[in-house]
Amino acid sequence: MKLETLTVELRPRTPWEAMELGSALVRQHAGAIWKPWLLVTGLVFVLLNLGAWAVGQLWLVPLLMWWLRPVFDRIPLYVLSRAVFGSVPGTADTLRAQLRWGWRPMLGHLTWRRFSPLRAVMLPIDLLEGAAGAKLGERRRVIGGGIGGHAVQLTVVCTNFIIALQFSVLLLSVIAVPNELLPEAGRAAWAMITEQPPAWALIALNVVDWLAVGFIEPFYVGAGFGLYLNRRTQLEAWDLEIVFRRMRKRLETIATAALMVAMLLPMLLSTPVFAEDTPAGSAPPAVEAAKDENRKADGGDKVIAEGEQKSVKNAESDKTSAAEKIETNSLRDIFGDETADPRAFGKAVDKAYRDPLLRPKLEQSTWARKDRDKDEDEKPDNKSQPELKWLAVLVGLIAEYGLWLLLGVLVLVLLMTAKRWWPWLQGAAARPEPEPAPVDMTDLMHAEPLPPDIATVARRLWTEGQPRRALALLYRASVEAMTIRVDAHPPPGATEAECLRLSRRMPDVEDRDAFQRMVRIWQYAAYGQRLPTADDFETLVQTLAQRFGWAS
C-alpha cells in the first residue's frame, strides 16, 4: 500500500468527521460508483421481477434485493478503495472486477453475518486486507472495537433515510389526486392493500424500494469506509508515516546532490591547484625541462624531480581536504551544526514535530479593548511604512462609521423597492372588514308541506330576516321539482351530492344548471355560513320560478 499516493489528508478525526469524509468521497466519484451500480443492480432487479412474476410471488423481490446488498456493496467499496490512492477505475474495470474480486467473504455476509449492523465497517476489513482465520477475527475485533457504536448508528440512520425516501415517493402519487377524489382513492388503495393487490402495484412498490436503496446505499458504504480509514490512521499512525516518508525523500534528494557535488568539485579545482604551486615569475614545467636538458647537470635533474613529486603530493592533499570539507558541509546542511552532539537526535525529533505537515498551526482570534494602557515602547512604529498610513485611516473610518453606512444602504434599498412592499403594508394596516351576521342555525321543519306560492313566501322570509329558512324552502322545492322531472325519488336522508347526481337525468340543460346553482348556494349558506346578496337571492328566485313553474 503506497501511502504517499493518498489523495486525502490523513489525520486523527472524530467518527462523525470520518463518516463525512467517506460521504465526500462518494460525492466526488459519483459517476464511477453509480454507473456500474445501476447496471448491476438494475439487471438483477429485472431478472428477479420476471422470475417472481412467473411464479406469482412478487413480494419476494424486495426481500431478495435486501439479502443481496452485501454483494452490491462491493461496487462502491471497490471504486473508493482505488480512488483514494489516485486511481479511479472505469465502469468496465469495475464490472470486470466484480466477477473475481471479494467473493470469499460473501459466504459469511450472506449467512450468519447478514444481520450484523457493523457491515459497513467490516466489509473493508474482509475485502481489502485479505486476512483469514484467527488473524481476520483479531483484525475485526481491533478495528471494530473503537467504532462499533458509531457503525450501529450509521446503519440506523441510513435505514431511516431509505424508509423516508420510500414514503416520499409514494406520497407523490397522492399529490396528483384531486381533493374531491381523495376519499374514493383512499378507499380503493386500502381495498387493494387488504385484498389481493394487482401485479402492477407490487412491481411499482419494488421499483420505489430499488430507487431508494440505490440512492442511500453507496453513501452507507462510503461512510463505513471513512470510519475504516480513520481507525487505521489512529492505530497505525499513517499520518506520521506519511510525514516521515516525505522527509526521507527530501533528505535523500539533498544527500544525493551533495554527494555528486563532492565528487565533481575536486575535478573542477584540480587545474587551479597546480597553477598555485608554480612559483610566480617562473616558466611552465615543460620549458624548465627543456632548459635542464641543455644544462646536462645531474644535480639539477634531481631537484626538478623532487619539486614535481612535492607538487603532486600537495595536489592530492588539497583534493582530500576539499572533499572532506564538502562532505562536512553537506552533512551540516542535512543534520545541523551539532552533528557530534549526542543530543542531536532529540533535537532532530523536535524539529520533525514542528513540521507544519505533521502539526498544523492553529490561529485563534480574541477581542481586546482598544483603550487599554500600553507602553510607548510596545507601540508599532508607523514611520517605517508611511505609504500604508492612508490604509489604516480608511480602515478606521469604515470601522467607525460602518453601521451608519449599512443603515444608509438599507434605507436606499427600501426606497428603491417601495413599489413592491408599500401596497402590501397598506393592506396589512387596513381596518378589518366587519364579519357577516351569523346564519340562523335553528332546526328546520322539513315535514311541513310546501306553500302554493313558493317564490312569494321565500321573499317574505328573506325580508323578515330569516335568510336560511328562505334558502331551505327554495332547496326543498327545487328537489321536489327535480324528482318530478326525472320521475325518480332520492333515498331517505339523501345528501346534496346524491341529489346532484340524480339531477343529471333531467333532459333540459337549463334546468340542470338552475338546480346546481341552487344546491351550491344552499351549501354555502348551510355549511360555510356565506349568504348570497339580496340581488343574487332575487335572481335565484326568478330563475327557479321560471324553470320549475312556480307562481310569482
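User: Which residues of helix α6 (residues 91-98) are buried?
Analyst: This is a predicted model, and in it the buried residues of α6 are T94, A97 and Q98.

User: How are they placed around the axis of α6?
Analyst: They cover an arc of only 105° around the axis, so they sit on the same side of α6. An α-helix has 3.6 residues a turn, so residues three or four places apart point the same way.

User: OK, and what covers the buried residues of α6?
Analyst: The cover includes α2 (30-55) and α5 (74-83).

User: Switching to the largest nonpolar core: which residues touch the most other members?
Analyst: That would be L77, L154 and F225, out of 51 residues in the core. Helix α12 (residues 199-236) gives the most to this core, with 10 residues.

User: What is F225 in contact with, leaving aside its neighbours within four places in sequence?
Analyst: F225 is in contact with L25, L77, L80, S81, V84, A120, P124 and L128.

User: New topic, D487. Where is it?
Analyst: D487 is in the loop between α20 (467-486) and α21 (496-503).

User: What is its phi?
Analyst: D487 has a positive phi of about 55°, although it is not a glycine.

User: And is D487 buried or exposed?
Analyst: D487 is exposed: its relative accessible area is 70%, and the cut-off for exposed is over 50%.

Key: Residues are numbered from 1 along each chain as its sequence is written. This is a predicted model: local features need pLDDT of at least 70, side-chain atom pairs count only at pLDDT 80 or more; totals for chains, interfaces and linings use all residues. Side-chain values use heavy atoms; hydrogens and water are left out. Helices (H or I, at least four residues) and strands (E, at least two) are DSSP runs, numbered from the N terminus. Buried means under 20% relative accessible area, exposed over 50%, partly exposed in between (1.4 Å probe, protein chains only). A nonpolar core is a set of buried Ala, Val, Leu, Ile, Met, Phe, Trp, Tyr and Cys residues joined through side-chain atoms within 4.5 Å. Contact means heavy atoms within 4.5 Å. The arc is that of the directions from the helix axis to the C-beta atoms.
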